[in-house]
Amino acid sequence: MESLSSNLDSALSNISLLSKIHSKPTSNLFSSFRLSSFNSRRRKKNHLCPNLVFCNKNSWPQADDQYFTAGNKDLIKRVGRGVLGFAAAVSLLCDSPVFAESLTVAFPVSHNREVNSVQRTLVEAWGLIRETFVDPTFNHQDWDLKLQQTMVEMFPLRSEDAAYNKIKGMLSTLGDPFTRIISPKEYQSFRIGSDGNLQGVGLFINVEPQTGHMVVLSCIENSPAARAGIREGDELMEINGERLDGVASEAAAQKLRGRVGTTVAVKVHSIDDFGSSYIREVNIPREVIKLSPISSAIIPHKLPDGHLSKTGYVKLATFSQTAALEMENTVHEMESQGVQSYILDLRNNPGGLVKAGLDVAQIWLDGTETLVNTIDRDGNMLPIDMIDGHALTRDPLVVLVNEGSASASEILAGALHDNGRAILVGHRTFGKGKIQSVTELHDGSALFITVAKYLSPALHDIDQVGINPDVQCTTDFLNSSPKDSFGSASSSSLEKDSCILVAEHQLDVQESKGSVS
């Protein structure tokens, strides 16, 4: 697709990578590589090594170097034995005088430049996990030995893809599906979903499984593609004269993106309203495309006493960087139109940025309420509390959830529910009670690491359990397309949604009792 919404959580702040190396040649064939690292088994507050330091491009061993070593020579001999006579070594030293420790891991350096570059990525990934992964036992395995084993397995490979698969295999041994590495192109799509902006034409595309055709799923309203007359269901045949047969959707999306002000030529196969098929070529200008995570509508309905009431319906599709600001603007606008109650729809919202979820929660809550409790790798629980919060509205609120509501959606739903601010309607949520950090690596790929677990404000464990709603509802009319997620909601179609009908009934009950806040 030209744009993908984020479905992974990011921690409250990214891990910083420093491009610094302490190297001192000992001979023409040997160099010393030292990386500062946390002591993963004896971490204590105020005694942590300050930085993680990685080799930079100029000092990392290249494919034309024979071998490298550092630190403990006995260890080098022991772990390097039987490795074709070629070895590189990473020396890990903790800078704290209290926990000074040296660890040297030897491995063979590939003569293939692509594989050699991935070896560097492997060391980066391994070091970050050693510092921050939520399970300090690394799924009950020797993580230092795992690096050496993976390096040995990677040495004879001849392709970048095969080498990356070795990294993925190493990460899979952690037993955590959310700790993973993604390619530079995948990371670019992730950032587009998180940032909420891209430079392109405004199309959502995908390969139709049965035909292999590149099909338009939806077109963002008022985007360059929409103005060019491209519609849902159209087939993209060529981009800039290149046929799309066998081209993956992400690769096609990359061709559509580009610098603002440039144009892209697209050959489109369309079917008109009378069923006639035709092919045309259009030149579409690229612009900054804003991907709004919010769609909204005002639903009028009659109260049991016969009075007309207005309910503000807000669907949040993902927790992007703009989610909280757009939510705030939407609530302000609805308040000005006399809305008296709200339905916040988190169904099929897979998550996104944790900070965005916490910021959205503060739009609805007052005081110093606890939003979520995090648990670090040492088992320490840290509550994240509001500081003198002021809700934008205290009107009754119902939150819709289902099995597609995950991660940041569950954090938000739990914060509003456990603090008595909202009633939950729908189905049990997905159950992802873990938080990931995301770090861009030297080659543009990105590493997602589970760095913490979380509990709801009432200390309910969500992971693999989910949140049960207060009121169940049926699943009629829940199917939605990407267009629904980024377009404007229709009040007439919403009135047919059985879960929204249940939510309206709950709001009527709340209003008869007074506001829940």
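With which side chain does the side chain of Ser 341 make a polar contact? The partner is the side chain of Thr 311, at 3.0 Å. Welcome to this structure, which is a predicted model.

- Ser 341 belongs to strand β17, which covers residues 341–345.
- Ser 341 counts as buried because its relative accessibility is 0%, and the cut-off for buried is under 20%.
- Leaving aside residues up to four places away in sequence, Ser 341 touches Lys 310, Thr 311 and Gly 312, along with Asp 395, Pro 396, Leu 507 and Glu 511.

**Strand β10 and its partners**
- Strand β10 spans residues 235–239 and is mostly covered, with five of its five residues buried.
- Strand β9 (residues 214–219) runs antiparallel to β10, and two bridges join them; here Met 214 has Leu 236 in β10 as its bridge partner.
- Strand β12 (residues 263–271) is also antiparallel to β10, joined by four bridges, and its His 269 stands opposite Glu 235.
- Strand β11 (residues 242–243) is another antiparallel partner of β10, with two bridges between them; Glu 238 has Arg 243 in β11 as its bridge partner.

- β10 and β11 form a hairpin, with two residues between the strands.
- In that turn, Asn 240 has a positive phi of about 55°.

Technical notes:
Residues are numbered from 1 along each chain as its sequence is written. This is a predicted model: local features need pLDDT of at least 70, side-chain atom pairs count only at pLDDT 80 or more; totals for chains, interfaces and linings use all residues. Side-chain values use heavy atoms; hydrogens and water are left out. Buried means under 20% relative accessible area, exposed over 50%, partly exposed in between (1.4 Å probe, protein chains only). Two strands pair if DSSP finds at least two bridges between them. A polar contact is a pair of N or O atoms within 3.5 Å; within protein, one must be able to donate a hydrogen and the other to accept it, and residues adjacent in sequence count only if both atoms are side-chain atoms. Contact means heavy atoms within 4.5 Å.
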